[in-house]
Structures are given as C-alpha cells and as structure tokens.
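Here are a few friendly notes to read alongside the model.

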Amino acid sequence: MKSVFQPAALPLSCVSVSSGAQRFITKSSVVDISSCPITYYGQQYEQLYVNITSGYVTVCFNGFFSPETGGDCLVQHSRGAQRFEFFINPGNSLEYGARENLPTIQNSLQCTVAIGFDSIVTLIVFASVQVCDVQVGGTTVKRVNTTSSTPAFVDLSGCRHSGEMYPPGTVISSNPETCLSLTCNETAVLHTSSCGPLERCQGNNICVLDAICTVTGPTIIDVHSQINSIQDRCAYSLFSTPSLPDFQVLGYFKDQRRTDVSFLDSVTLRVDGHDIHLEQGGRVQLDDSTLTLDSSSQLVHGVQLSKDQTGVTAKLSLNTDFSVDLRLSEYSSTSCEMQYSEPADSTIDCTSVTERCNLLKEAPFSSCNSDIDPEPYITACTNTLCKYPAVDGLNCQFLKAYARACSLHNHTLDGWTSKTGCSSEAFCQDRTCSDHEFCGEKTVGGDTQNNSLGDPTVCKENSASLTLVGCLLEDKDIDYSALHLNDPTCRGQVDELTHMVTFSFNSSNSCGTEVTTNNSQVIYKNTIMTQNSSSDIITRHDQIYIDFSCVQTQPDIKTATFRIRDSSVIQHITSGVWDYTLTMQSFTDAGRTQAVDFSTEVQLDQKIWVELKTDGLDGDMVVVVTDSCWATDQPSPDSTPRYDLIINGCANPADQTVQVEENGLGTSNYFSFNMFQFTGSSGDVYLHCKLHLCPKQNNCVPTCPAAARRRRSARSKYEGEAFISMAWTH
C-alpha cells in the first residue's frame, strides 16, 4: 500500500533537480531538494536524509536520524515500508489539496514536495494506518496518522525561540512597560515590535510621539530640532507622508504689524477629502461649517478635537515617516513669496530680550531640558523679539510653546507662568477676526500697520462706498458707531461676520455728498467724520476726516501728531531785586530726562510733563508759584477758545489727566497733562503759564482742590509776576 505525506512547509524556490519527476529510494540516502527547499519550523533545508532500516523509514533534514541526539525529522512508526518515494512539483498548479486543508498558510506555494512510504503488499482490503511523528530537535511536536487512501496535511511552518516552537500568530513575549513584544507572525517569521524611531513607551504598551514639530511665531522647529524661519506669506505643508496620501497638515502665514515678519495665521488638517480649519481665536471649521467644541474630546474624521482655556487641541495617531516645510503654491497667493525689509525698531532692547528668552534654561524649564532641547526655542525667541515688538502675547509665546512641548513629555513645569508673568490661557481666545484682520493688543497712540484703514473706494454709477476694517478702527481707539458722513444720519453698516464697516451713498440718498463735474466726469465726494459734542472744546482722540470719492483709490485719515516749535522757551525777567531767567521745557517721561525736541512726534492723549524752572533765585528766600496755565489755538493768550489746565495753582478738576507737582515748594515746579487738540481744528496748540514769586517764610503752597480756601501770603517787595508761552504744531 502507499500513503502520501504532504509537508506543507514554506518552500522558497524551484531551480534544480528533475522537477516534476517521481523518485524512489530503497536504501538510506541523501536526497537533494535544492530545487524546492523546505522551511521546517523556521529553518530552511535543501537536503533530505533518508534512513530505511528493518521496514522503518525516517526522513530528517539536518543529518541522519539518531535517537540519542535527535534532530528535525519525520519518524515513521509503522513497520513494513519497503521504499521511500518523493515527488517535486514545480509551481502551485498541483498542491495536493494543501490550500484547502491548510488555510493557515499565508504565503504563496511556489513548489510542492510530496513524500510517501510504500508498504508490503497485503491482502487486507481496508486501508492500513501509518503513524508518523513530526520532531524538532528530537522532540515530537506533532503526531500524524495517515492511511493509504487519505494523505495527511501538516503545517510545518512555525518559529523557534530559546529552544521552543511557536505556531504562526503566537505572541512569544510582551513587556507593556517597554512596549517591546516578540511574535511569530502569520508568515512564521520572528518579529520584534517596539515604539517607532520618533516615539517612546508611555507604559501599557502605549507609544507616544517622542519627537515634536513646533510652529511658533514665524519659526518651524522640526523633529530634528532644526529651525526654519518663514520669510514670506505663503502656505506650507507642515506634515505629509507618502503612506497616507489623503492626509496633510497645511500652515498659512501672514504678516501683522511689520511686513518683514510673518506669523502662523491658521492651520488646516486635510483628512479623507475634508478640511478641518484651526483658525484665530480658537475657531474650528469643518469644510464650511463651524464646529462647537468644549473640553470633551470630539472625534471628527479620525481627529480628536477639544477646546479649553489654553486653546484648541487636535490629536491623531500616526506611526510613519513624514516631511515638513514645503511651500505650496496652489494654496498661496501669487505674490506671497515677495519679501520686505523695514527699518529696525529702535525701541527694542535686544539684550533684555535675550535674557528673557534664556529663561528656558532656568528652573522650572530646566527640568525639561534633557528631553526637549531649549536652544531652538531660544534662537526662535531672540530672532523674532529682537526684530518685532513684544506685543500681542508674543513676549510669552515662545515660552508657552516650550512648556507645551514639555507637557507632551509629562513635564508639568510648575510655577512657570508666575515666574514669567505669562498666562496659560490662549491669547485672543474666542475673539474672531476676519481675513483682513489679526487679533492683537491696542498700542500707544493707536499705532497700526500703516495709514490705511480699509479697502479702496468702490464706485458705481452715481454712488460710492467705502469699507473700513473694524479691527483697525478699534486699534486706533475709534468707535465706528460715532462715525458718520456729511449728513450725520448716514452711518456705517457693520458686517458681524467680517467686522467690516461700510459707508455708502447714492443718487437717492446723497448723505450730503458734494457732486461736481470735471471734463464731463461726475465726481461724488463725501467725508467720514467723527461725531463730537458741541460742548466739547477739546478732544484727546483722533479726529477722523476720511474724504472719499470715485476718483480716489485710498481713504485718508488725519491723525493729529504734534511737534514742538521750540525745544525750550527761556525768558530773562527783572522783578524788584530779582534778576533771573525762567525756562519752560517739556518731556516725555516722569523723570524729565527725555526732553521733547524738534524731531519728537507727540501723539494725541500722550502724557507730557512741562517743567517751569528758574535760575538766579535764592531758594532759601523765595519760591516760585504757578498760578495758572491754559491753552489756546491762537498765539494770543487772550484768544478763544481757551482751555484751562491749572487754575489758582491747582489742576483743573474737570481734567483728570492734569497733575501739578512741587508747586510753591522751590524755585521750580512742573505739571503733566495728556496731549490734546481743539475740536474742529487741526491747527496749533499754544500753552501759556502765569507765575509769581513768594517769600519762602510764608506758606506759599496752594491748597487744593478747594481753590477758594487757598492761603495767600501778603505781598512783599520780592514778589513779582511772570508770563511764559510755548507753541505746538502738527
């Protein structure tokens, strides 16, 4: 009788020996099967060692069978075999039913080896049973029963590790604390798995990203701690990978207060054909719909989104290589690559900036330095803040970016906010700006990017409209609701979504428009102006006069800035026995060290200190008292309108910005006030002061604020009056 044994192993190739021919072995032999090698429990063999002794047949792969030493063998226990036969079939056209009977085999069968034992012919009609042991290293791992009519199919694939055999799909060892595992995979290959090259084990077999890509300000710090500074206003690919062609992270950069410094304006996650936009103020949009988020995680196309006081967090798990810093022209404007140059900001103290940025190497940040290199963050911080003013939260942005990177390594950095004066809360949270705007702090004097407050005039037949940017108006401390056209009833209409304020007129509602013709061209002209109370003779806010018409391309704002005509005013005075000089000089600081000169521009509502100082008086005998100071818009001190700053030696109680110091205590005194201009006038401001001398033995200090109770000493021969004026122009 004859039985067939099919060792359904993992053959790799078929290149030699007479493939397709059946061979019979009647004595112990070494058989070459290099044309169809067998992988036997993870070990590949190209020879069969056949023993035929006393009716027993043993087939081994690593040497002739020895009961003492054992081996990788097929040991037949049924006596009566006369010969050994095998058949090598090339290709997988004839697999003898291996695929159907062994579905666990995952790889392709490129060839087949059929093994059979021919038994002594008997008269028994029924099939006899043969027993064959599958041994590895002399140890039986499987026992197979075959008959002459039913071949046996055995999967001989598996893995060997530390003297043990493991079937495919077996986890051999696993350490959740190191995330290291060893498995015999489905194709019977030992496979070691661990965290990726950019990951670390967090425990419980959880791998987290160990390398961090940070975008802060105009700087990209990649996973290799390399710095890339964005110089233009284009869109960049912050993350992309060939293995996930439908996933991409895009960063959009824009300039703000300086055209030569760009900042990350928004981020877009492109996932499975959908766009998740992370925008200013914590606004998140899915395609064209706005998402409402809170601290609870919300899964959107595989991305976990949440929002709290620190900002918006987007999380997703990826274990793949990726690339960054690729400019994407298809998502950028045609002029985005243009770069600009602006004069250096002389107000920036780069030494102080460097000291602040180097806080990242001090406690509590230093506890994270071994995991996150602070140097790229320090470089990004100094490069930016030595060039760009520390406003709009930028003074804390780089420190916060480092703290955030450290938090991903489980460093809490307790107390970093109190040490740096920063807040962990997101800057401009829930403040929505349009595409024309950026969210920022108000600056002294309402400084903006440039003198433009909006879009060019839009002209149509017999009409015109002008749109102003609400955010820029607010930065100028301008209330749009107080603006109107020549007709005070014509006011701007605000778009709640874009924050744009539009003023318009047409032929049916002229709003006080002046209509003129020039060479057959009709010109419609109107003015956006500020509403002022008729009782206000002064104002400390910019007066707005924006003339616009169909022939103008840009609106114009008349912002009042002043320059002093004379850096100081000196008068020589002879009063009684006193022969002295009186000097009137203004300063921009309380210590009166920064004198206002011809080149100094003074903004509306900027505080000014004015010092009245004498030379030639005996301070032990006499003091100087400033009786009154007032302003006019004409050179004459008697002209109208008149605005009082000091009345009877005391600050005008109606003006909370006026402060009088050291009046009547010595031979000089000073006062301060916030700069103004006369309502309805864009001309000069003339400042006048009246003083008198008072013997020091008397009580010469005015009693304020009740001017009526002020004690005045009797006049002596040393007393005398003086008058001095100073002019400002713009």
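1. A word on angles to begin with: under 35 degrees counts as roughly parallel, over 145 as roughly antiparallel, 65 to 115 as roughly perpendicular and the rest as oblique. This is a predicted model, where local features need pLDDT of at least 70, side-chain atom pairs count only at pLDDT 80 or more, and totals for chains, interfaces and linings use all residues. Residues are numbered from 1 along each chain as its sequence is written, and side-chain values use heavy atoms, with hydrogens and water left out.

2. The axes of helix H3 (residues 375-385) and helix H4 (residues 394-407) cross at roughly 170° and come within 10 Å; H3 and H4 are therefore roughly antiparallel. In the contact (heavy atoms within 4.5 Å), H3 supplies Tyr377, Ala380, Cys381, Thr384 and Leu385, while residues from H4 include Phe398 and Tyr402. The residues of this H3 and H4 contact comprise nine nonpolar, two polar and no charged. Here Ala, Val, Leu, Ile, Met, Phe, Trp, Tyr, Cys and Pro count as nonpolar, Asp, Glu, Lys and Arg as charged, and the others, Gly among them, as polar.

3. Helix H2 (residues 350-357) packs on H3 at about 155°, with the axes 9 Å apart, so H2 and H3 are roughly antiparallel too. Val353, Thr354 and Cys357 of H2 meet Ile378, Cys381, Thr382 and Leu385 of H3.

4. Ser639 sits in the loop between strands E48 (622-632) and E49 (642-647). Is Ser639 buried or exposed? Ser639 counts as buried because its relative accessibility is 13%, where buried means under 20%, exposed over 50% and partly exposed in between (1.4 Å probe, protein chains only). The Ser639 side chain reaches the backbone oxygen of Ser636 at 2.8 Å.

How values were computed
Helices (H or I, at least four residues) and strands (E, at least two) are DSSP runs, numbered from the N terminus. A polar contact is a pair of N or O atoms within 3.5 Å; within protein, one must be able to donate a hydrogen and the other to accept it, and residues adjacent in sequence count only if both atoms are side-chain atoms. Axes are lines fitted to C-alpha atoms, for helices over the stretch in contact, and angles run from 0 to 180 degrees between N-to-C directions.
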